[in-house]
Amino acid sequence: MGGASSWYSILSISAFLVSIWIASKVSRTIGISSIVLEISVGLILSPNALDFLPHEYSVCYAETITDCETHHEKLEIAEEGVDHCDLQAYLDAGKYASSWQ
């Protein structure tokens, strides 16, 4: 990652942290525990709600990995089509079948 995308990533992360800091200041002004608004802001800006942070910084890396050993993962790869298939790798590994069995 480099160039403009790095700048936007740094800007997004900084804005996220500033938002949490502002929530902390607001909660002190209101007189409630700061953790309440900090968690609320974190949940609102999370990938499940507004997806504010870049994907590569907000999602667990293990969830983005495809395990090619399970039938379910192989089916997902097959459904994506030829854009995500390296036929030569299958041929080299001896895992290419010429037809469905």
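Trainee: How confident is the prediction, and where is confidence lowest and highest?

Mentor: Mean pLDDT for the protein is 78. A value of 70 or more is reached by 78% of the residues. Helix α4 (residues 61–64) is lowest, with a mean of 68. Helix α2 is highest, at 90. Where pLDDT is low, the coordinates should not be read in detail.

Trainee: Why is Ser-27 called buried?

Mentor: Buried means under 20% relative accessible area. Ser-27 has 0%, so Ser-27 counts as buried. Ser-27 sits in helix α1. Setting aside residues up to four places away in sequence, Ser-27 touches Ile-32, Ser-33, Ser-34 and Leu-37.

Trainee: Which call does Ser-12 get, buried or exposed, and why?

Mentor: Its relative accessible area is 17%. The cut-off is under 20%. Ser-12 is therefore buried. Ser-12 also belongs to helix α1. Beyond its neighbours within four places in sequence, Ser-12 is in contact with Phe-52, Leu-53 and Pro-54.

Trainee: How do you know that Ala-23 is buried?

Mentor: Compare the value with the cut-off. Ala-23 has 7% relative accessibility, so Ala-23 counts as buried. The limit is under 20%. Ala-23 is in helix α1.

Trainee: What does Ala-23 touch, not counting residues up to four places away in sequence?

Mentor: Leu-37, Glu-38 and Val-41. There is a C-alpha separation to quote as well: 7.3 Å between Ala-23 and Ser-34. Those two are 11 residues apart along the chain.

Trainee: What makes the largest nonpolar core, and which residues are in it?

Mentor: The requirement is buried residues of listed types, joined through side-chain atoms within 4.5 Å. The largest such set has five residues: Phe-16, Ala-23, Val-41, Leu-45 and Leu-53. Ala-23 passes the burial test because its relative accessibility is 7%. Apart from residues up to four places away in sequence, Phe-16 touches Gly-42, Leu-45, Phe-52 and Leu-53.

Trainee: Why is Trp-21 called exposed?

Mentor: Exposed means over 50% relative accessible area. Trp-21 has 53%, so Trp-21 is exposed. The residue lies in helix α1.

Trainee: What makes the nonpolar surface patch, and which residues form it?

Mentor: A patch residue needs over 30% relative accessible area and no salt bridge. Nonpolar side chains are joined within 5 Å. The patch here covers about 930 Å². Its residues are Val-18, Trp-21, Ile-22, Val-26, Ile-30, Ile-32, Ile-35, Val-36, Ile-39 and Leu-43. Trp-21, at 53%, clears the area cut-off.

Trainee: Which helices supply at least two residues of the nonpolar patch, and which gives the most?

Mentor: Helices α1 (4–30) and α2 (34–44) each supply at least two. Helix α1 gives the most, with five residues.

Trainee: How many residues does the protein have, and what share is buried?

Mentor: It has 101 residues, and 14% are buried. The accessible surface is about 8100 Å². Carbon and sulfur atoms account for 61% of that surface.

Trainee: What share of contacts joins residues at least 24 apart?

Mentor: The share is 36%, taken among contacts between residues at least 6 apart in sequence.

Technical notes:
Residues are numbered from 1 along each chain as its sequence is written. This is a predicted model: local features need pLDDT of at least 70, side-chain atom pairs count only at pLDDT 80 or more; totals for chains, interfaces and linings use all residues. Side-chain values use heavy atoms; hydrogens and water are left out. Buried means under 20% relative accessible area, exposed over 50%, partly exposed in between (1.4 Å probe, protein chains only). Contact means heavy atoms within 4.5 Å. Accessible areas come from the Shrake-Rupley method with a 1.4 Å probe; for residues, only the protein chains shown count as cover. Patches are made of residues with over 30% relative accessible area and no salt bridge: like charges are joined within 9 Å, nonpolar side chains (Val, Leu, Ile, Met, Phe, Trp, Tyr) within 5 Å. A salt bridge is a side-chain nitrogen of Lys or Arg within 4 Å of a carboxyl oxygen of Asp or Glu. Helices (H or I, at least four residues) and strands (E, at least two) are DSSP runs, numbered from the N terminus. pLDDT is the predictor's confidence in each residue, from 0 to 100.
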